[in-house]
Amino acid sequence: MDSKYSNKETIIQAIRDKVNGAFEYIHEMLFETVRYMITSNKGSEQDAEDLYQEAIICLTVNLDDQNYKIKENFSGYFIGICRKMWIDKLRDRSRESFFDDTRSPDVLSDRMDRNLQRDKQQDLFWTILARLKRECQKIIKYRLDKKPYSEIAKSLGLTAATVRTKKYECNKKLNKLIKEDPRYSELRN
Amino acid sequence: MEKYSEYIVDYLYDDMNEHQRKDFEKLMASDAELAAEVEEQRYILKQVHARLVYQEAMDDPRRKEIDKSAKKAVKRYKQEQMSRSIGKISTGRIVFRLISVAAGLVILFVLNTSTGFKTPLRGVMVKGGSYFVTLWRML
């Protein structure tokens, strides 16, 4: 997977140019997050697939306008689009259901935030992440985002060599904590 | 499996060059236990990464602005979608009408030429109408 797309301007231009690699990169980086967000908020696997595809089209439609600018962090922006689309879908569904009193997008948005908080206390991966140092979380995330070592080192005030060493240590600890948890074997079975 | 732990990490974090990657994949192809371990760790990293990305998006200090931009982007997309579907409906209607008129003219032409019922001073519609009247009378 090409790491050049970890740069916002590069990926935006690649989407405008309809470069396949850019769409593969977005899928690799963000689909699982979209899937997690949808399935933990009343959605199915199929809903996640459909919403992801629609969000990609929404992104390309907006970026087809050469003057359109994304001022924010790219992944945050894309997750924001998916979140908004999912809230709209949930609202449409609640309109169809007589017994569901959810009408307002704000109520749905708050409910999604509450679900996330609840999930953070129960979900295996969240609880394990909470036991990892913030620095470890950042190193794992940034490396999986394909951020260059030099950039990670700069943002954490470390050397690139230290980041590389910490990556092994953090990953080892993460695996150990997860595999030791009885919920993990249940999940895998 | 311990001896491969760093290789697994480098493989999963994309920190291998093309040559190392191919060698490691060959090794995995010949060692089912190693391949299973790599898959297991890949799954864990995928789940962890998904949550970290979500957390970062939710904790972003500029989240309100991001939500606003996302809202605008979705609105723009829906408007575009709507105007496209309206365009499609209008084009469809125009094409349907053109086809109907053309088909009508063809029918009238066939009917006129086949009956020899030609009255140049009459309009096309009258010619067709006359044919049906004649046919009706014959029946």
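How many helices and how many strands does chain B have? In this predicted model, chain B is built with five helices and zero strands. Read from the N terminus on, its elements follow the order α-α-α-α-α. Of the 139 residues in chain B, 17% count as buried. Looking at the contacts in chain B with a separation of 6 or more, 30% come from residues 24 or more positions apart.

One helix pair in chain B is worth a stop along the way. Helix α1 (residues 5–12) of chain B and helix α3 (residues 32–59) of chain B have axes that come within 10 Å and cross at roughly 50°. Because of that angle, α1(B) is oblique to α3(B). The crossing of these two helices, α1(B) and α3(B), is right-handed. On the α1(B) side, the contact is made by B:Ile8, B:Tyr11 and B:Leu12, and these meet B:Glu37, B:Val38, B:Gln41, B:Arg42 and B:Leu45 of α3(B). Sorted by class, the residues of the contact between α1(B) and α3(B) are five nonpolar, one polar and two charged.

The axes of helix α1 (residues 8–16) of chain A and α2(A) come within 8 Å, crossing at roughly 120°. An angle of roughly 120° therefore makes α1(A) oblique to α2(A). The crossing of α1(A) and α2(A) is left-handed. Here A:Ile11, A:Ala14 and A:Ile15 of α1(A) make the contact with A:Gly21, A:Ala22 and A:Tyr25 of α2(A). The contact of α1(A) with α2(A) has five nonpolar residues, one polar residue and no charged residues.

Finally, the two chains can be viewed together. In the model, 37 residues of chain A are in contact with 33 residues of chain B. On the side of chain A that touches chain B, the elements giving two or more residues are α2 (20–39), α3 (45–63), α4 (74–96), α6 (124–130), α7 (134–144) and α9 (160–180) of chain A. With nine residues, α4(A) gives the most to this side of chain A. By class, the side of chain A that touches chain B holds 19 nonpolar, nine polar and nine charged residues.

Conventions
Residues numbered from 1 in each chain as written. Chains lettered and ligands numbered in written order. Predicted model: local features only at pLDDT ≥ 70, side-chain atom pairs only at ≥ 80, totals over all residues. Contact = placed C-beta atoms within 7 Å. Helix = DSSP H or I, 4+ residues; strand = E, 2+ residues; numbered from the N terminus. Nonpolar A, V, L, I, M, F, W, Y, C, P; charged D, E, K, R; others polar. Buried ≥ 20, exposed ≤ 12 C-beta atoms within 10 Å, placed from the backbone. Axes fitted to C-alpha atoms, helices over the stretch in contact; angles between N-to-C directions. Parallel < 35°, antiparallel > 145°, perpendicular 65-115°, else oblique. Left-handed = near helix turned anticlockwise from the far one by under 90°.
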